[in-house]
Amino acid sequence: AILRNDNVVLIDVRNTFEYDIGHFVNPKTSDEAINPETVSFSSFDDTFCARRADDLRDKKVLMYCTGGIRCEKASVMLKK
């Protein structure tokens, strides 16, 4: 239901290898989850956040990873 909102974005916080294995697709729009295109999560802040934070400022962000820790860290990075 929340993905039906145009103001919501879905981010796959995993690395590019994990994204390529499989990722979620928005069932309403068929848009794929955003791929931050990182080889290592340690570059998430410097690469993805630096490029996309302004675009995501007024959006509701849904994110996923494999265990939750990267999502917690990523949410703090995006809030900066």
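Q: How many aromatic pairs are there by the rule for rings?
A: The count comes to three aromatic pairs, where rings of Phe, Tyr and Trp (its six-membered ring) pair if their centres lie within 6.5 Å, with planes under 30 degrees apart counting as stacked, over 60 as edge-to-face and the rest as tilted. This is a predicted model, in which local features need pLDDT of at least 70 and side-chain atom pairs count only at pLDDT 80 or more, while totals for chains, interfaces and linings use all residues. Residues are numbered from 1 along each chain as its sequence is written, and side-chain values use heavy atoms, with hydrogens and water left out.

Q: What makes phenylalanine 24 and tyrosine 64 an aromatic pair, and which kind is it?
A: The ring centres of phenylalanine 24 and tyrosine 64 are 4.4 Å apart, and the limit is 6.5 Å, so the two rings pair. The angle between their planes is 75°; the pair is therefore edge-to-face, as the angle is over 60 degrees.

Q: Where in the chain do the two partners lie?
A: Phenylalanine 24 is in the loop between α1 (16-21) and α2 (44-56), and tyrosine 64 is in strand β2 (residues 60-64). The pair links distant parts of the chain, 40 residues apart. Helices (H or I, at least four residues) and strands (E, at least two) are DSSP runs, numbered from the N terminus.

Q: Why is tyrosine 64 called buried?
A: Tyrosine 64 has 12% relative accessibility, so it counts as buried. Buried means under 20% relative accessible area, exposed over 50%, and partly exposed in between (1.4 Å probe, protein chains only).

Q: Which residues form one aromatic cluster?
A: The cluster is formed by Phe41, Phe44 and Phe48.

Q: Is asparagine 35 buried or exposed, and how do you know?
A: Asparagine 35, in the loop between α1 and α2, counts as buried because its relative accessibility is 16%. Asparagine 35 touches Thr16 and Tyr19, not counting residues up to four places away in sequence; contact here means heavy atoms within 4.5 Å. The side chain of asparagine 35 also reaches the backbone nitrogen of glutamate 37 at 2.8 Å.

Q: Why is glutamate 37 called exposed?
A: Glutamate 37 has a relative accessible area of 58%, and therefore is exposed. Its place is in the loop between α1 and α2, and its phi is near 55°, a positive value in a residue other than glycine.

Q: What is said of phi in serine 30, and why does this residue count as exposed?
A: Serine 30 has a positive phi of about 65° although it is not a glycine. Serine 30 counts as exposed because its relative accessibility is 55%.

Q: What makes lysine 80 and aspartate 45 a salt bridge?
A: The closest N and O atoms of lysine 80 and aspartate 45 are 2.8 Å apart. A salt bridge is a side-chain nitrogen of Lys or Arg within 4 Å of a carboxyl oxygen of Asp or Glu, so the pair qualifies. Lysine 80 is in the segment after α3 (69-79) and aspartate 45 is in helix α2, 35 residues apart. Lysine 80 counts as exposed at 66% relative accessibility, whereas aspartate 45 is partly exposed, with a relative accessible area of 22%.

Q: How many salt bridges are there by this rule?
A: The count comes to five salt bridges. Among them, arginine 14 and aspartate 12 meet at 2.7 Å, N to O, and both of these residues are buried.

Definitions and conventions. A polar contact is a pair of N or O atoms within 3.5 Å; within protein, one must be able to donate a hydrogen and the other to accept it, and residues adjacent in sequence count only if both atoms are side-chain atoms.
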